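Subject: Structure handover

Hello,

Please find the structure below. My notes on it follow.

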Amino acid sequence: ASDRKAAADLREALDAERAAICTVDTSSLPYYKMPERFAGLSMHQVAVAGEDGSTILLDDQAPVPRRVDSEDFASARRGNRTKHRLITVSPAEEIDLPTEIVRAIRRTIYGYSTDDVGVPQQFRSNC
């Protein structure tokens, strides 16, 4: 995909308030301070926590979001061999936790009483 399409996809995810997980070239992220000769050799996943103007906020192994210029982030995404990979995560639907707990207990009892633990027969001894 092109840089333009990658930026548009990221923009769409951020505007929809979905978590965006991007594959990047670690050596292209300035805070890792890796030599340029390592470019393209170290792929890594980061979550885009948001943006502040032309700065991208990354959730990447730090207690606070790391601030990266949008051009540097685009370069890091471009350096990935699978160019601009982006996965979005939508918020989970609300569940009725007590009902789901009862359902899980019933499924477990059913599995013990019928030997049907919800996996193919050849793997049941592992469960």
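In which helix does Ile-101 lie? Ile-101 lies in helix α3, residues 97–114 (helices are DSSP runs of H or I with at least four residues, strands are runs of E with at least two, and both are numbered from the N terminus).

Before the rest, some conventions. This is a predicted model, in which local features need pLDDT of at least 70 and side-chain atom pairs count only at pLDDT 80 or more, while totals for chains, interfaces and linings use all residues. Residues are numbered from 1 along each chain as its sequence is written, and side-chain values use heavy atoms, with hydrogens and water left out.

Helix α3

Ile-101 is partly exposed, with a relative accessible area of 43% (buried means under 20%, exposed over 50%, partly exposed in between, with a 1.4 Å probe and protein chains only). Together with Ile-95, Leu-97, Ile-105 and Ile-109, Ile-101 makes a nonpolar surface patch of about 490 Å². Patch residues have over 30% relative accessible area and no salt bridge; like charges are joined within 9 Å and nonpolar side chains (Val, Leu, Ile, Met, Phe, Trp, Tyr) within 5 Å. A salt bridge is a side-chain nitrogen of Lys or Arg within 4 Å of a carboxyl oxygen of Asp or Glu, and areas come from the Shrake-Rupley method with a 1.4 Å probe, where for residues only the protein chains shown count as cover. Thr-99 is also found in helix α3 and is partly exposed at 35% relative accessible area. Its C-alpha atom is separated by 38 Å from that of Glu-51, 48 residues apart along the chain.

The sheet

Five strands form an open sheet in the order β4-β3-β2-β1-β5, with antiparallel pairing (two strands pair if DSSP finds at least two bridges between them). The edge strands, each pairing on one side only, are β4 (66–69) and β5 (86–89).

- β1 (residues 19–25) is joined to β5 by 4 bridges, and Ala-20 stands opposite Thr-88 in β5.
- β2 and β3 are joined by 5 bridges, with Glu-51 opposite Ile-56 in β3. They form a hairpin with 2 residues between them, and Gly-53 in the turn has a positive phi of about 65°.
- β3 and β4 are joined by 4 bridges, with Ile-56 opposite Val-68 in β4. Their hairpin has 6 residues between the strands, and Gln-61 takes a positive phi near 55°.

Of the 5 residues of β3 (residues 55–59), 4 are buried, so β3 is largely enclosed by the rest of the structure.

Regards
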